[in-house]
Amino acid sequence: MASMTFELEHGLKGTAEEGETLLYREVGLRELTAADLIDAQLAAEKVVVQNGKAVAYTSDVLYGLNLLCRQVEYIGQIKGPLTINMIKKLHVDDFGLLQAKAQELDMALAEALAERGRSKSAG
């Protein structure tokens, strides 16, 4: 399974067992699994009543955030998956970096898959 590590600029605050406040900067991202995709979809699904009928819809924003939460393997001693409330605690610069690195990992995986497809068709 593919993974990536990097450092946050501002970090995420956590609490040690002794009650001491710590700042975590190292992030581990991992490749998404089919279970992650399904769980994120289910978490982003909402049911509303329109004209007396129940209608289910999926929020693209919630789906993306849920995927990001699941893709984070850890931030320091905080093990993933994260919650959306944990992501909300990040500095805006760190949130942007986390999104960019997740996209970078996803693109690298897509390129590797495309390359594998080209290798098979050439041989």
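**Reading a predicted fold, piece by piece**

User: Let's start with helix α1 (residues 34-44): which of its residues are buried?

Analyst: In helix α1, the buried ones include D36, A40 and A44. They sit on the same side of α1, because they cover an arc of only 55 degrees around the axis. The general idea is handy here: an α-helix has 3.6 residues a turn, so residues three or four places apart point the same way. One thing to keep in mind throughout is that this is a predicted model.

User: And what about the other side of α1: which residues are exposed there?

Analyst: A34, I38 and L42 are exposed on that other side.

User: What do the buried residues of α1 pack against?

Analyst: Four elements: β2 (21-30), β3 (45-50), β4 (53-58) and α2 (60-71).

User: Now the strands. In which sense do β1 and β2 pair, parallel or antiparallel?

Analyst: Start with the idea: strands of a sheet pair through backbone hydrogen bonds, either parallel or antiparallel. Here, β1 (residues 3-15) and β2 go antiparallel, over nine bridges. You can trace that on the structure: S3 stands opposite R30 in β2, and M4 stands opposite L29, also in β2.

User: How many residues lie between the strands of that hairpin?

Analyst: Five residues come between β1 and β2, and in this hairpin G19 takes a positive phi near 90 degrees.

User: Which strands make up the open sheet, and in what order?

Analyst: It has four strands, in the order β1-β2-β5-β6, and the pairing is antiparallel. At the edges you find β1 and β6 (78-79), each pairing on one side only. A helix joins in too: α2 packs on the sheet, where it touches β2 and β5 (72-75), and its direction makes about 65 degrees with that of β5.

User: Which residues does T5 touch, leaving out those up to four places away in sequence?

Analyst: T5 belongs to strand β1, and it touches E26, V27, G28 and Y74.

User: Is T5 buried or exposed?

Analyst: The cut-off for exposed is over 50% relative accessible area. T5 has 52%, so T5 counts as exposed.

User: What about V61, buried or exposed?

Analyst: V61, which lies in helix α2, is exposed at 58% relative accessibility. Its C-alpha atom is separated by 8.1 Å from that of A44, 17 residues apart along the chain.

User: How do β3 and β4 pair?

Analyst: They pair in the antiparallel sense over six bridges. V47 stands opposite A56 in β4, and the hairpin has two residues between the strands.

User: Stepping back, how many helices and strands does the chain have?

Analyst: Four helices and six strands. Reading from the N terminus, the elements run β-β-α-β-β-α-β-β-α-α. The chain is more spread out than a compact globule, because its radius of gyration is 18 Å, well over the 14 Å that the globule rule gives for 123 residues.

User: What box do the C-alpha atoms fill?

Analyst: Roughly 55 × 55 × 25 Å, taken along the principal axes. Of the 123 residues in the chain, buried ones make up 28%. The chain exposes about 8,100 Å², with carbon and sulfur atoms supplying 53% of it.

User: Last one: what share of the contacts with a separation of 6 or more comes from residues 24 or more positions apart?

Analyst: In this chain, such residues account for 54% of those contacts.

Notes. Residues are numbered from 1 along each chain as its sequence is written. This is a predicted model: local features need pLDDT of at least 70, side-chain atom pairs count only at pLDDT 80 or more; totals for chains, interfaces and linings use all residues. Side-chain values use heavy atoms; hydrogens and water are left out. Buried means under 20% relative accessible area, exposed over 50%, partly exposed in between (1.4 Å probe, protein chains only). The arc is that of the directions from the helix axis to the C-beta atoms. Contact means heavy atoms within 4.5 Å. Two strands pair if DSSP finds at least two bridges between them. Axes are lines fitted to C-alpha atoms, for helices over the stretch in contact, and angles run from 0 to 180 degrees between N-to-C directions. The radius of gyration is taken over C-alpha atoms; the globule rule is 2.2 Å times the number of residues to the power 0.38. Accessible areas come from the Shrake-Rupley method with a 1.4 Å probe; for residues, only the protein chains shown count as cover.
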